[in-house]
Amino acid sequence: ARGIATVDLSPRFSEIPASDQLLAVAQIVLTLTDLRGVGLVAFQVEGAPIAVPLPSGESSGERVSRDDYYGLAITV
């Protein structure tokens with residue numbers, strides 16, 4: 001809605017190692033924002049918003065964009 005894709009992850013997502021979480025989130029964001037009309041991605045677990053890892057080592061509880069992960073895509 002309004003250019004925001006919402007991804008509802010399994011509660012088991014938190015069991016994935018942090019480095020793999022970063023790669024998974026980056027792949028999801030880069031894939032979804034490649035679709036026309038999608039500029040931001042919000043993540044949730046069972047309907048509750050969650051923070052996702054950023055390449056900087058920080059995390060964001062806000063919607064994330066392609067720009068947040070673009071540098072990671074260049075280096076992979």
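This report describes the strands, the first helix and the nonpolar core of a predicted model.

## Basis

Residues are numbered from 1 along each chain as its sequence is written, and side-chain values use heavy atoms, with hydrogens and water left out. Because the model is predicted, local features need pLDDT of at least 70 and side-chain atom pairs count only at pLDDT 80 or more, while totals for chains, interfaces and linings use all residues.

## Strands

Helices (H or I, at least four residues) and strands (E, at least two) are DSSP runs, numbered from the N terminus. Two strands pair if DSSP finds at least two bridges between them. E1 and E2 are parallel and share 6 bridges; Leu9 is bridged to Val45 of E2.

The hairpin of E2 and E3 has 2 residues between the strands, and Glu46 takes a positive phi near 50°.

## Helix H1

The expected span of a helix is 1.5 Å times one less than its number of residues. For the 15 residues of H1 this gives 21 Å, which agrees with the 21 Å between its end C-alpha atoms.

Buried means under 20% relative accessible area, exposed over 50%, and partly exposed in between (1.4 Å probe, protein chains only). In H1 the buried residues are Gln21, Leu22, Val25, Ala26, Val29 and Leu30. They lie on the same side of H1, because they cover an arc of only 155° around the axis, taken from the directions from the helix axis to the C-beta atoms.

Leu30 has a relative accessible area of 16%, so it counts as buried. Beyond four places in sequence, Leu30 touches Arg66, Tyr69 and Ala73 (contact means heavy atoms within 4.5 Å).

## Nonpolar core

A nonpolar core is a set of buried Ala, Val, Leu, Ile, Met, Phe, Trp, Tyr and Cys residues joined through side-chain atoms within 4.5 Å. The largest one has 16 residues, and Val25, Val29, Phe43, Val64 and Tyr69 have the most contacts inside it. E1, H1, E2 and H2 each give two or more residues to this core, and H1 gives the most, with 5.

Beyond four places in sequence, Val64 is in contact with residues including Val29, Phe43 and Tyr69.
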